[in-house]
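Please open the structure in your viewer and keep the selection tool at hand.

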Amino acid sequence: MTSLDRIDRRILATLQRDGRLSNVKLAQTVNLSPTPCLERVKRLEQAGYIEGYKAQLNAVQLNQGFLAFITISLDRVTTDVLEAFSAQARRLPEIVECHMVGGGFDFLIKVRTENMASFRRFLGEGLATLPEVATTSTYFVMEQVVSTGDIQVDQG
């Protein structure tokens, strides 16, 4: 797929808001009949525009409401160290996002735990296991203001 037309973009924007929408409802929303709509969705999936579908869960209800961001600087920044750090970070379930960044530090991670006690356990049993960590800075979230995860889709 080389380019998206207006209908493709409307499909993407609509599914991003509600991934459980039936094909019939989606087709009505984007002004198509169901069969061509389904074909477009399958094409968008195969082309990689749609990576998957999942439920948005309530972290507080699931006792994971304690949220922190941690900046991490490594001792050395070599390919093998970056790969080792990334591989180990993927294994820690408390890390819900990990980004290699450019600037004053090397990685920014987003961590969810139940409370401060479980966060302290994560520091000792999780963060301490990450290779080549030189320094960290932790920022605790007092209030989540915006968290959509949505990507802007120009609908033309």
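This is a predicted model: local features need pLDDT of at least 70, side-chain atom pairs count only at pLDDT 80 or more; totals for chains, interfaces and linings use all residues.

Residues are numbered from 1 along each chain as its sequence is written, and side-chain values use heavy atoms, with hydrogens and water left out.

The structure holds 5 salt bridges (a side-chain nitrogen of Lys or Arg within 4 Å of a carboxyl oxygen of Asp or Glu).

Select Arg40 and Asp5 to begin: their closest N and O atoms are 2.9 Å apart, in a salt bridge. Arg40 belongs to helix H3 (residues 34-46) and Asp5 to the segment before helix H1 (6-17), so this pair ties together parts 35 residues apart in sequence. Helices are DSSP runs of type H or I with at least four residues, strands are E runs of at least two, and both are numbered from the N terminus. Arg40 is buried at 16% relative accessibility, while Asp5 is partly exposed at 33%. Buried means under 20% relative accessible area, exposed over 50%, and partly exposed in between (1.4 Å probe, protein chains only).

Next, select Asp8 and Arg43, which form a salt bridge at 3.4 Å, N to O. Asp8 is in helix H1 and Arg43 in helix H3, 35 residues apart. Asp8 is buried at 2%; Arg43 is partly exposed at 35%.

Finally, select Arg76 and Glu132, whose side chains meet in a salt bridge (3.2 Å, N to O).
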